[in-house]
Structure formats: C-alpha cells, structure tokens
Amino acid sequence: MAETRQWRLASRPVGEPTTENFELVTVDRPEPDDGEVLVKTLYQSVDPYMRGRMRDAESYAEPWDVGDPMQAGVVGEVIESEADAFSAGDVVTGDLYWAEHAVADADELQRVNPELGPISTALGVLGMPGVTAFWGLLDVGDPNPGDTVVVSAAAGAVGSVVGQLARINGARVVGTAGSDEKTEWLTEELGFDAAINYKETDDLGSAMAEACPDGIDVYFDNVGGPITDAVWPQLNVHSRVAVCGQIALYNETEVPTGPRKLAKLIETRAKVEGLLVGDYQDRWGEALQRLSKFVGEDEIRYRENVVEGFENAPDAFLGLFEGENIGKQLVKVAERSD
C-alpha cells in the first residue's frame, strides 16, 4: 500500500509552541469510500487561530487531541474520487489534515476556480482570510467615507485586505506592523495613509494620537495587548471595534487581568463586537465575487510568504508568532500533476 506523511500534535505547548510539540509520522495512504475523494495537498495554510486548538480548553474551534493529526485549510488535487461531484485532476479546497494526502467527504470541499487567481489565493485573499476581512470590516466595522480606520497586524493576510477595503470605501487608513519593511509596504503599495512600526515606537499612545488627529472611528483588532491599549483613548463617539484576533495573548500562560478600559465605551457609546468568519458561511460567495473583482482590477493587492516543503510546516506556523510573514503564510507541499 502507498504511504503518506502527516503532522500530529505531539504534546500541548506551555507558552509559545516549539518544534517539540509536533511529530511527523508516515502512515498508509487512505482510500476513499463512497461519497469521498482522496486529495493530494498542494498548499497548506498556517494560521494564528491554530494556537488555540493546541490547548485542552473549550473555544470556538475544537481542540486537537494529543497524538491526532492537526487540521488546516488546504488547496489540493483530487487523486481518486468516489463522488459524482469531483473527478481526478480537480483542484479543491477544504479543512483537511496537515498531511500530504487526506480523504474528505465531497460535501466538505469546494472547487477552486483558477480563473479568479493563482490557486494558492484560495487560502488567502480569495479564501478564509479575505472573507474574514470583507465581512469583518463591512458588516461589523461598517466604515463610512471620511472615517479613520485603524488596523492592527495590518501586514498580515487579514489586516492587509481590511485596510485596502477601507481605502476603497473612502476611509482614511492607519495600520500597525512590526517592521519598516512592512510599514513601507502598507503605505507605498497598499495605499494606507499612515503606518506605525510598533517595535520601534517608544510611546505607542503618542504615535497613535499623531497618526489619528481626528480620532478613530473603526478599529479592526487582530492582536489585542498594548496596541489595543493605545487605540482606546482615541476612539470617537459611536466608533466600532471589530475583534478578530488576539495574537498578542495567544501564548500567555495566564490571561492578564482586565478589562479596565470599559469606561471609555460609556463616553463614546462605542460598539465592540467579536467576529467569526463561520457566521458568514451563507454569504461566502458574495464576498469572493467582490474580492476577485477587486483583485482583478488591482484595487486589492496581496503577498504570499510561501515556505517550501511539507517537513517545514511547523516552522512556518511558528514563524507567525515571530512576525516573519508579510501577507499570507503558506506551505507549498507538492506540484500539481501534469
């Protein structure tokens, strides 16, 4: 029987994960049953939310069990099909294993349209991160022309799309990122009005006030922590805060005491709302249609940081917490068949 490789959760991390928390194993390649397809992974996504699935705690995403394969968004090629919906050679995307091959129910897969963009974008700007950005900003943030929109982790897969959508909607856009290379990309290529390198700023509060002289109407929060603390005093009356991620806290062994800044919400009557992209499943197609149009017209630009080799998937994931990526972090696992 043919073999394949998969990554499993070897142990639960305490604090920041390390390579010791991952185990690469060789197993028999699975065979599809009726209604299933065998998928060869071409690209695998790594995302910050996966850190929560490494904990033994309830969250919006079910935790992984130690010893089991981990899961990820995948773009892959159908190798064998026992389902009417797909044939060998089709390119699909879905939530599969960290594996070179995996079996999936046909109902859990979506066909990738190569005419919309490179197939890897189905894990980025034309996939979950793009849809998160689209509905998170437009539905939760609800920007108006002339608003000031602040985006944290603005050079990431979600944040970079959020900022460009805000610009398209006539807002003034300010982003935070962790290097001069990233802030330059935001302002010079993506059209952000200002960007703050938080790692080189001694006083984030003053820097935020200087970048937002008219206050902040929409804050798209991907990180939490000190950056969010710097945003809070600048919130305008009836501002909106969309809480998408809290990567600054994901590796904390104890959650900091708080919140202690809620009095500002009384003054401003601001709205703070968390968001999960799964709540927009029935509007996914609408978002992709509009995002693909923006990408095709060069209104939205994107970058992909592609790590070569399936064996390097844990390093790609750990790199998210070091701020190594600009744009979407991906692992290239295999080439598409001729």
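Axes are lines fitted to C-alpha atoms, for helices over the stretch in contact, and angles run from 0 to 180 degrees between N-to-C directions. Helices (H or I, at least four residues) and strands (E, at least two) are DSSP runs, numbered from the N terminus. The model is predicted, so local features need pLDDT of at least 70 and side-chain atom pairs count only at pLDDT 80 or more, while totals for chains, interfaces and linings use all residues. Residues are numbered from 1 along each chain as its sequence is written, and side-chain values use heavy atoms, with hydrogens and water left out.

**Exercise 1. Describe the packing of α2 and α8.**

Solution. 

Step 1. Two packed helices are described by the angle between their axes and the distance between the axes. For α2 and helix α8 (residues 284-296), the angle is about 95° and the axes are 9 Å apart.

Step 2. Angles under 35 degrees count as roughly parallel, over 145 as roughly antiparallel, 65 to 115 as roughly perpendicular and the rest as oblique. The helices α2 and α8 are therefore roughly perpendicular to each other.

Step 3. Contact means heavy atoms within 4.5 Å. On the α2 side, Met128, Gly130, Val131, Phe134 and Trp135 take part, and they meet Trp284, Glu286, Ala287, Leu288, Arg290 and Leu291 of α8.

Step 4. Sorted by class, this contact of α2 with α8 holds 8 nonpolar, 1 polar and 2 charged residues. Here Ala, Val, Leu, Ile, Met, Phe, Trp, Tyr, Cys and Pro count as nonpolar, Asp, Glu, Lys and Arg as charged, and the others, Gly among them, as polar.

Step 5. Glycine 285 also belongs to α8. Glycine 285 is partly exposed, with a relative accessible area of 49%; buried means under 20% relative accessible area, exposed over 50%, and partly exposed in between (1.4 Å probe, protein chains only).

**Exercise 2. Describe the packing of α2 and α3.**

Solution. 

Step 1. Helix α2 (residues 128-141) and helix α3 (residues 157-168) have axes that come within 8 Å and cross at roughly 45°. The two helices are therefore oblique to each other.

Step 2. The crossing in which α2 passes α3 is right-handed. A crossing is left-handed if the near helix is turned anticlockwise from the far one by less than a right angle, and right-handed if clockwise.

Step 3. From α2, the residues Pro129, Gly130, Thr132, Ala133, Phe134 and Leu137 meet Ala157, Val158, Val161, Val162, Leu165 and Ala166 in α3. This contact has 10 nonpolar, 2 polar and no charged residues.

**Exercise 3. Which residues of α4 are buried, and which exposed residues lie on the face turned away from them?**

Solution. 

Step 1. In helix α4 (residues 180-188), the buried residues are Lys182, Thr183, Trp185 and Leu186. They cover an arc of only 155° around the axis, which puts them on the same side of α4. The arc is that of the directions from the helix axis to the C-beta atoms.

Step 2. An α-helix has 3.6 residues a turn, so residues three or four places apart point the same way. The face turned away from the buried side of α4 carries the exposed residues Asp180, Glu184 and Glu188.

Step 3. The packing partners of the buried residues of α4 are α3, β9 (172-177) and β10 (194-197).

**Exercise 4. What is the phi of aspartate 142, and what is that of arginine 269?**

Solution. 

Step 1. Most residues other than glycine have a negative phi, and most peptide bonds are trans. Aspartate 142 has a positive phi, near 50°, and arginine 269 has a positive phi near 55°.

Step 2. Aspartate 142 sits in the loop between α2 and β8 (148-151) and is partly exposed, at 41%. Arginine 269 occupies the loop between α7 (263-268) and β13 (271-274) and is partly exposed, with 49% relative accessibility.
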